Amino acid sequence: MGQPRAGSGQALGTLLGTPASAREWLRQAVSWGPYVVVFAASACGLIIEIVAARILAPNVGVSLYTWTSVIGVVLAGISVGNYLGGRAADRFPSPATLAHILLAAGVSSLIILVLVGAVSDAYEALPLVPRIVLLTATLFFLPSLILGMVTPVVIKLRLKDLAQAGNVVGKVYAIATAGAIFGTFMTGFVLIQWIGSRQTLLLVASVLIVMALALALGNVWRVKAPFVALMAVFIGLTSAAFTTGAFDSGCLRESNYYCIQVTDTVVQGDLPVKVLRLDKLLHTFVSPEDPTLLVQGYQKVFAEIEAYVAQRNPSLRVLFIGGGGYANPRHLEAVYPESTVEVIEIDPEVTRVATEYLGLRPDTRIVTYNEDARMAVSKLARGQYDLVIGDAFHDVSIPYHLTTKEFNEQVGALLKDSGIYAVNAVDKLHTGGFLRAYVNTLQQTFPYVSVIQDVARWEDNGQRTYVVAASFQPLSATALENASILGGRSQSVSRLMPEDTFESWLRSKGTITLTDDYAPVANLMAPIYLDRTTIERARRDFNAGLELEDWGRLLEAMELLEEIE
């Protein structure tokens, strides 16, 4: 007779070895449990920190203030949590303590979604900076604090011999840091674009709850009323979040860069258009049916510069830095069929939205590069472009690395000798700091720089969108006007700043040159960003006053409108 076959039990025995070695294997697996907890908790902490900016974006935008508040609040929470965790570990050194902390962290993470709307409304009347700080602290300080308690408790549970203190502490903090790195990469590269920021927070809360339950099931006799109460709160919050729509971000799409929204409105009386919003920013108006319709003044200025270039070369080659709603690229494609149009749009999801909702045809001749402009520009053919249009600057979001002398030199290398680099920029003409610095920086590369707007009010200091045109050959207002009229327009909208006004304006304050090493764009734009929230609040109060008037509540309407004044 042959040898008997090894059964499944024998195979498992072979895998685990003798019963003693199996027990040792299980003991080793259990001993790594606290390290898994530290790794996962640290990952969750960094996920919350990164998601915080995305959660806040629709309410206060994404700016230097936002990130400063998020980083500062989270670090403060972790610091306080480390201290309180150490105190808790000395008084209650047990896995049950860790389970309660994890459960509390899960509950506090979920509370963010339930409270964000109400908290944002509660702080709406505050100035912008205090509003951002208080909003961030209210929503994200507590979960950061609770997660900060995990590491000291785990160290206490693992530390059996003071002679091994350095080894244990070093190992725990190394694993915690590895978890933080993992959470950072997972959030930025995978989670937000895959499932969205709010669902990512739900995932964080779920992971923390599962770990808490796993610890509780191993220490059932130590699970007391607080644990049960926290579980009940978690279940209640989850139900409330689903029933109240707390997981709905309000975004049509949520990419790694923006919360993208598309809405309908009418312009010029009765023309229906789509409105593209990126985070808190109203980006552009687009008519999907009529690519020749341009609504915003700076878009019309761009179109007249296009006409000026096309007058000399109908087969012009144009590069757009920033696609957004693709208003001008679609206009150029329709009006100048012989042209070659290329667009650098960093966010592929924005391009997809433009195709699905904003009239960008799937069979378009427009070539799109979905990458950062600094990388894309370095790969393009030098000396081949008639026109480069920069449409990536806004009042709440300016990629500083696209404002520098080094980038201007890269763009200049793409242009033909007769080429033009035209960029939109938002600022206050006289008290603002960015436009003056940007013009001065362009002058380091291009001998001719002009400031253009669609109205000739150069004494006005209101916030406006200007077009800055830089070139190697002079550009005159007469040439722009003639090109516009020849292009079929009744009159030109482009108004160039007079030369004497330009020189006195540029030298009226100390100018700086923006470089890769020194580009304080966020600081230069800070006053504009602060004013933006004041204007938005005034507009909202004005509309509310009109509604009160319609309802016959005249006294309340007058009081509200007087506050605006």
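Buried means under 20% relative accessible area, exposed over 50%, and partly exposed in between (1.4 Å probe, protein chains only). By this criterion, helix α7 (residues 150-158) is mostly covered, with seven of its nine residues buried. The model is predicted: local features need pLDDT of at least 70, side-chain atom pairs count only at pLDDT 80 or more, and totals for chains, interfaces and linings use all residues. Residues are numbered from 1 along each chain as its sequence is written, and side-chain values use heavy atoms, with hydrogens and water left out.

The protein has 20 helices and twelve strands. Helices (H or I, at least four residues) and strands (E, at least two) are DSSP runs, numbered from the N terminus. Of the 565 residues, 49% count as buried. Accessible areas come from the Shrake-Rupley method with a 1.4 Å probe; for residues, only the protein chains shown count as cover. Contact means heavy atoms within 4.5 Å. Among contacts between residues at least 6 apart in sequence, 74% join residues at least 24 apart.

The buried residues of α7 are V150, T151, P152, V153, V154, I155 and L157. They pack against α3 (33-60), α4 (64-91), α5 (95-122), α6 and α8. Helix α6 spans residues 128-148 and contains S144. S144 is buried, at 5% relative accessibility. Residues up to four places away in sequence aside, S144 touches V74, G77 and I78. Helix α8 spans residues 165-195 and contains V190. V190 is partly exposed, with a relative accessible area of 31%. Together with I181, F185, F189 and W194, V190 makes a nonpolar surface patch of about 580 Å². Patches are made of residues with over 30% relative accessible area and no salt bridge; like charges are joined within 9 Å, nonpolar side chains (Val, Leu, Ile, Met, Phe, Trp, Tyr) within 5 Å.

Four strands form an open sheet in the order β1-β2-β3-β4, with antiparallel pairing. The edges are β1 (253-254) and β4 (281-286), each with a single partner strand, so one side of each is left without a neighbour in the sheet. Two strands pair if DSSP finds at least two bridges between them. Strand β2 (residues 259-267) and strand β3 (residues 271-278) run antiparallel and are joined by eight bridges. Across this pair, V266 stands opposite P272, and T263 stands opposite V275. The β2-β3 hairpin has three residues between the strands, and Q268 takes a positive phi near 50° there. Five bridges join β3 to β4, again antiparallel. In this second pair, R277 stands opposite L282. The β3-β4 hairpin has two residues between the strands, and D279 takes a positive phi near 55°.

D279 also forms a salt bridge with R54, the closest N and O atoms being 3.3 Å apart. D279 lies in the loop between β3 and β4 and R54 in helix α3, so the pair ties together parts that are 225 residues apart in sequence. Both D279 and R54 are buried. A salt bridge is a side-chain nitrogen of Lys or Arg within 4 Å of a carboxyl oxygen of Asp or Glu.

The structure holds 15 salt bridges. Another of these joins E342 and R317 (2.7 Å, N to O). E342 lies in strand β6 (residues 340-344) and R317 in strand β5 (residues 317-321), so this pair ties together parts that are 25 residues apart in sequence. E342 is buried at a relative accessible area of 2%, whereas R317 is partly exposed at 24%. K405 forms a salt bridge with E409, with the closest N and O atoms 2.5 Å apart. Both residues lie in helix α15 (residues 405-414), four residues apart, about one turn of the helix. K405 is partly exposed at 26% relative accessibility, and E409 is partly exposed at 38%. R253, E349, R352 and E356 are linked in a network of salt bridges.

The structure holds one disulfide. This link joins C251 to C259, with an S to S distance of 2.0 Å. A disulfide is a pair of cysteine sulfur atoms within 2.5 Å. The link of C251 and C259 is left-handed, with -115° about the S-S bond. C251 is buried, with a relative accessible area of 17%. C259 is also buried, with a relative accessible area of 2%.
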